[in-house]
Amino acid sequence: MAKKRVKVAVTKPSPDKASGWDEWTAIDVLSGLCGTWRDPQSLEEYELTPCDEDQSRLNVTTYRPSGISLYSEGLLSVEPCKDKQSSSIVFSGSFVLDQAAFESAEWPAEIRWHPTWNSEKTVVWEWVDDSAETEVYSRGWDESTALEVLKDLRGRWRDTKGSKYEISRCAKDENRLDVTTIRPSGQIQRSKGLLRVAQSEDESSIIAWSQSFVLDQEPYKDSDRPLEIRWIPTRSKSKIFVWTWLGFSEQEDAALEKRVDPEDGKAYSFDELVEFYHDWDEDAVAKYWEKCQPKESKPKKESKAKETSAEAKAEKKKLSQESVEALPESHPWDEMTAHDVLEDLCGRWRDTAGSEYEVAPAKQEGHLDVVIIRPSGKTQRSEALLHVEQSEKDEQFCISWAKSFMLDPASYEGAVEQ
């Protein structure tokens, strides 16, 4: 029975039947099983759906011929094999999925479950083609662009249900990203290599979340790094996931740091340096990285140049102090009022030059993140840019933009909220 399961074709490595799959391939296969299957012997049907609490499990609703239905949460799961190095897919602890059906490029229309006990018989499931699959439109990227888009997903995101996602580089495969899911309950699920660059039917490249979702490319028409993205399900029984950007994690901030290679004078991130010196082991690159200067730093000069630089800095500081003194007299707030004013800044602002500013709460208390959107469409994200700061002069509190600007309290005189 030949049929097409989804519009997006995702190639799979051929697993070894004896040794099992690696963990992320097993999770990919598990998610691909979502849908309806029928046992031709018992005539029972099984509807498999994602388990919200665990991406390595599927929920199963069993429909008996008598009309009785039974729901079992997390009944299908990815479990380690005896060798502890590979993984298999297990049904209720009693059956193991036969991997032979997945060796071909086509997704199987029939799968087999082998019993873990000799007293049981092998169970066969046939795919039920209900013609209700989701039409996924994807124009695709070229491979290099898809890899850049994948790389830019690294950081922190939140979905509409309150779950958070920490996206980080995958150490084993540069075409994949690891995902740490943090549920509102505090439960944490780590999935290695869950996001990846895959190939669509027209041989263009897409970003796939396991086999269940593909990244919607529409938001990327207006921005290289949109603040909101959508994951489109490959089947109609799943829902669209919307992610909102929260900012970079400390790990990704470090990953995005660039340093100047003294050999060619160009700036590289650590990952780029590893790729550039691909014939070195990573420890050797790490030692070399420590010797490279940060991109912001300037090469060392002679002592006379240092003195000149010090004089220039002193003059700049003097001018800065004069500029501050020239500001109109302001009346800072007490601490509680300052925090109230800071909170009220959340939202969208525009300056006279046409740039827009998305201001949102930061992970660090008493700080706000700022996303700057230039008229050209270019975006820049800055974590904890706005914050409450105590004045050393009179011990009152003000709101600072980094170390360069201070919010004028005079704007708030005579107004509850400006």
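Guide: Gladly! A nonpolar core is a set of buried Ala, Val, Leu, Ile, Met, Phe, Trp, Tyr and Cys residues joined through side-chain atoms within 4.5 Å. Please keep in mind that this is a predicted model.

Visitor: How many helices and strands does the protein chain have?
Guide: The protein chain has 418 residues, and 41% of them count as buried. Its secondary structure comprises seven helices and 25 strands.

Visitor: How many residues are in the largest nonpolar core, and which have the most contacts inside it?
Guide: In soluble globular proteins, nonpolar side chains tend to be buried together. Here the largest such core has 47 residues. Helix H1, residues 23-32, gives the largest share of this core, four residues. The residues with the most contacts inside the core are Leu33, Leu153, Ile207 and Trp231.

Visitor: Another core lies apart from that one; how many residues does it have?
Guide: Among its members are Ala338, Val370, Val388 and Ile399. Two of these names also turn up in a strand pairing, where valine 388 has isoleucine 399 in S24 as its bridge partner. This other core has 16 residues.

Visitor: How many bridges join strand S23 to strand S24?
Guide: Strand S23 covers residues 379-390 and strand S24 covers residues 397-401. They run antiparallel, and the number of bridges joining them is five.

Visitor: Which residue in the turn between S3 and S4 has a positive phi?
Guide: Strand S3 (residues 57-63) and strand S4 (residues 69-80) run antiparallel and are joined by six bridges, with leucine 58 partnered by leucine 76 in S4. The two strands form a hairpin with five residues between them. In that turn, the positive phi of about 105° belongs to glycine 67.

Visitor: And which residue has a positive phi in the turn between S4 and S5?
Guide: S4 pairs with strand S5 (residues 87-91) over five bridges in the antiparallel sense. The hairpin they form has six residues between its strands. The residue with a positive phi, about 65°, is lysine 84.

Visitor: Is serine 87 buried or exposed?
Guide: Serine 87 lies in strand S5, where proline 80 stands opposite it. Leaving aside neighbours within four places in sequence, its contacts include Trp21, Ala26, Val78 and Gln99. Buried means under 20% relative accessible area. At 8%, serine 87 is therefore buried.

Visitor: What is the distance between the C-alpha atoms of proline 226 and leucine 153?
Guide: Proline 226 is found in the loop between strand S14 (213-215) and strand S15 (228-233), and it is buried, with a relative accessible area of 7%. Leaving aside neighbours within four places in sequence, proline 226 is in contact with Trp157, Pro219, Tyr220 and Arg381. Along the chain, proline 226 and leucine 153 are 73 residues apart, yet their C-alpha atoms are separated by 9.7 Å.

Visitor: Finally, what share of the accessible surface belongs to carbon and sulfur atoms?
Guide: The accessible surface of the protein chain comes to about 25300 Å². Of that area, the share belonging to carbon and sulfur atoms is 49%.

Key. Residues numbered from 1 in each chain as written. Predicted model: local features only at pLDDT ≥ 70, side-chain atom pairs only at ≥ 80, totals over all residues. Heavy atoms only, no water. Buried < 20%, exposed > 50% of the residue type's maximum accessible area, 1.4 Å probe, protein only. Pairing = 2+ DSSP bridges. Contact = heavy atoms within 4.5 Å. Areas by Shrake-Rupley, 256 points an atom, 1.4 Å probe, with all protein chains shown as cover.
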